[in-house]
Every structure is written in structure tokens, then in C-alpha cells.
Amino acid sequence: MKLFIDDANIEAIRELIEYYPIDGVTTNPSILAKAGKDPRETLKEIREVIGDDMIIFAQAVDLSFEGMIRDAHMIVNLLGANTVVKIPSTPIGFKAMMALQKEGIPTCGTVVYTPMQALLAAKAGASYVAPYVNRIDNMGYDGVGIVKQIQDILLNNNMACEVLAASFKNSQQVLELAAYGIENVTCGPDVFRGFVKNAAIDGAVQDFVDDFEKLTGKTSMSSL
Ligand code: G3P
């Protein structure tokens, strides 16, 4: 499973790529708005921090077909290779995905709340579909269950499209999808930090050092 950071805070991205096995960064217009400056500058900074080999996702904002295509071109010109353009999974979005596929620009069908949206985005040529797990949960439905259903639809129809599950609030949602073989997950920094935030782990790690120090007076092997 690939792990993406769903955030545009440069310091958080720096921290997470240092300590976690990260595969890239996903953004959306709301995430870019939180950064509070020109979104082109934010996206370029993210590209610089993660390097050219990691994937970055950036979303077309314009809601017209022509505007989506223009936004997609602008995003790819700004960020170069290994860039995926997120397109809302709506009828105009499907049209844009079909057109961008012909141009060889990879897209992600985003704002996915239903399996039908995912099916249509995949058929329209999207390389990824992004269902919103926690937002679906908040509507009273089973976000994890819907992502599993989407995965089944893609696999059973041999579609060249991967799930990029998004909108997580806890580790359990991520783990359930990892166990199911979901290829990509994107989480905000707080969810990442919660993955191994556990007093039992911290206590056990410290106990080893304390026991070693009692024996040797040192806190590392190399200082013996
Ligand atoms: O990128 C879209 C998705 O991650 C939304 O997440 O946390 O705003 O529900 P959230």
C-alpha cells in the first residue's frame, strides 16, 4: 500500500517524509487554502521538498470542462512529471478525464462518495479514484465498506484504476483498508502521527534503554 500525505504544510511534509515511508503528497483546494498563500507557490514548494520522483496530486478547480482542462495543463506545467490531476467525479469531470486521458495526463477521480462515481471515473480513464472514508462515515454510511466495494468493482472489471482512499480520522480505518489490499491511502499529519502513538510502545522502548543503562551505565551500544 502506498501512503500519501494529505496536506500542504511544508514543515509537516518535511517531518513526515523524514520519519515515515511516504510515497507522495495529495492536495485539494481546501488544503491549499489552509496554507494561506498563492497555491502555485505552495505546490512548487511541495514539489521541491518531495523531489521529482514522488507523486503529487493537485486538483483542477474550475467547474467548466474547458476550465478543468486549462487547470490540468497549468498544474502539469507547474509540477512536471509524476503529477496527477484530481478532477471531481461529476459528469463534466468524466468528460475532462476522457479528454485528459487522450492527452496522456493522469487523473484522479475525486470527491467520491458512491461506488457508481468510482466506476464511471475509472471507465472515463482516471488512473485513481478517491473515496472519502470519513466523510462517508459522517453521512451515516460505511466509508470503509464503500471503499472495499469500489475495490471489488475495479478488480472484477479489470479496470486500470487504483483506489486512493482519502478522508481518514483514525488508524483503524487505514488498517482495515490495508488488510483488504487497497493500493493507496492518503492521510493528514495528525492521522500519521497517531499510527504509532501508543504509551505501551514508548514505555517498552524506554524500558530497554533503562535496563541497559543499569547494567552498563551507558545508553547506547556504541558508547561501551
Ligand atoms: O483530499 C480530500 C480528502 O482528503 C478530504 O479529507 O479530511 O477533508 O474529509 P477531509
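How far is an oxygen atom of the ligand from an N or O atom in the side chain of Asp6? It's 2.3 Å. This is a predicted model, where local features need pLDDT of at least 70, side-chain atom pairs count only at pLDDT 80 or more, and totals for chains, interfaces and linings use all residues. Numbering runs from 1 along each chain as its sequence is written, and side-chain values use heavy atoms, with hydrogens and water left out.

**View A. Who surrounds the ligand.** Around the ligand sit Asp6, Asn28, Lys86, Tyr132, Arg135, Ala166, Ser167 and Lys169, each with a heavy atom within 4 Å of it.

View B. For Ser167, a polar side-chain atom is 2.7 Å from one. On its own the ligand exposes 310 Å², and the protein buries 80% of that (Shrake-Rupley areas, 1.4 Å probe).

**View C. A salt bridge across the chain.** Glu15 pairs up with Arg193, closest N and O atoms 2.8 Å apart; the cut-off is a Lys or Arg side-chain nitrogen within 4 Å of an Asp or Glu carboxyl oxygen. Glu15 belongs to helix H1 (residues 10–19) and Arg193 to helix H10 (residues 189–194), 178 residues apart. Helices here are DSSP runs (H or I) of at least four residues, numbered from the N terminus. The whole structure has seven salt bridges.

Conventions
Polar contact = N/O pair within 3.5 Å; in protein donor to acceptor, adjacent residues only side chain to side chain. Helix = DSSP H or I, 4+ residues; strand = E, 2+ residues; numbered from the N terminus.
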